[in-house]
Amino acid sequence: MKFILLFLTSIAAFVFTFIVPTLEAKFLCLIGSLLLFRLGIYMINQSEKERTAELEQEVEELLQHLPFTHKTISDDYLQALFIDEASQTLFTAIRKDTGESFDVKEYLFPEVYEAAIEEDGNQLAFIARGGILGGSLLKNVDHIEVFDTQKEDDDLNDEEFSEEEQDDIEDGISKVSLKLVLDNLAHPIFEFIFFESEEPVDPDSDEYKDAFKACNQWYQMISILIKRQDHQKQVLVTRYEEAQKVI
């Protein structure tokens, strides 16, 4: 309410610059209008910073019991992802609105089956346990890329797209998310949103690049977890086969 009063007062002072007769009075009204306007902007920014700090503190308090070596929290403070390498556990946390408690689920690393990066519904990267695409819950036949640990962050942006996909990119990006398939019969697909905007943004903007980089980093971490489980399974199978040969 106080912000509205400040802006209304600023507008009134600006209007008075056309009413008062003397040049000195016009100047004072104009200066007063600008000062009130800038004060209003400053107070709004401070209010937003205070709100952000409150939400960060709220999330920290609600999720402080979770162990982690890596974590990320969504910009709207409604989602969180935690990885704890010591216990080999992935934690997901989600809530409908701020002020509410989180619904926290935990999954051992072998219970993480698939991962994909999606951009406005287009799948840019994908990995699954065993490298099998058939039967995948996240399979997108239009555009799939198997994860390569040697790929640089920017390489995903250099992929070849269809003309329709390229037109969508040129129009701007509205959403970037990481999708996971987890061992949960009720809700097997968990989507963590790294970026979402009502108005599409330029893919060359810092806002988009930062969000995509963070999403790709988490995709790579999850991919390594999946690769690690496949490797451990292969080691066990190899040892079993060697033992059978000895017998």
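Predicted model: local features only at pLDDT ≥ 70, side-chain atom pairs only at ≥ 80, totals over all residues.

**A charge on its own, and some pairs**

Guide: Glu 114 is buried yet has no salt bridge. Its nearest side chain of opposite charge is Arg 129, 10.0 Å away.

Where does Glu 114 sit? Its place is strand β5, residues 112-119. Its contacts include Phe 126, Leu 138, Val 181, Ile 226 and Lys 179.

Now follow Lys 179. Lys 179 forms a salt bridge with Glu 118, with the closest N and O atoms 3.4 Å apart. Glu 118 lies in strand β5 and Lys 179 in strand β7, so the pair ties together parts 61 residues apart in sequence. Glu 118 is buried, at 12% relative accessible area. Lys 179 is buried too, at 19%.

The structure holds 5 salt bridges. One of them joins Glu 60 and Lys 71 at 2.7 Å, N to O. Glu 60 is in helix α2 and Lys 71 in strand β1, 11 residues apart. Glu 60 is partly exposed, at 37%. Lys 71 is partly exposed as well, at 30%.

Finally, look at the surface. Negative side chains gather there in a patch, among them Asp 75, Glu 196, Glu 198 and Asp 210. Strand β8 and helix α4 each supply at least two residues of this patch. Glu 196 is found in β8. Is Glu 196 buried or exposed? Glu 196 is exposed, with a relative accessible area of 54%.

Key. Residues numbered from 1 in each chain as written. Heavy atoms only, no water. Patch = residues over 30% accessible without salt bridge, like charges linked within 9 Å, V, L, I, M, F, W, Y side chains within 5 Å. Areas by Shrake-Rupley, 256 points an atom, 1.4 Å probe, with all protein chains shown as cover. Salt bridge = Lys/Arg side-chain N within 4 Å of Asp/Glu carboxyl O. Lys, Arg positive; Asp, Glu negative; His and termini not counted. Charge placed at Lys NZ, Arg CZ, Asp CG, Glu CD. Helix = DSSP H or I, 4+ residues; strand = E, 2+ residues; numbered from the N terminus. Buried < 20%, exposed > 50% of the residue type's maximum accessible area, 1.4 Å probe, protein only. Contact = heavy atoms within 4.5 Å. Lists of a residue's contacts leave out its neighbours within four places in sequence.
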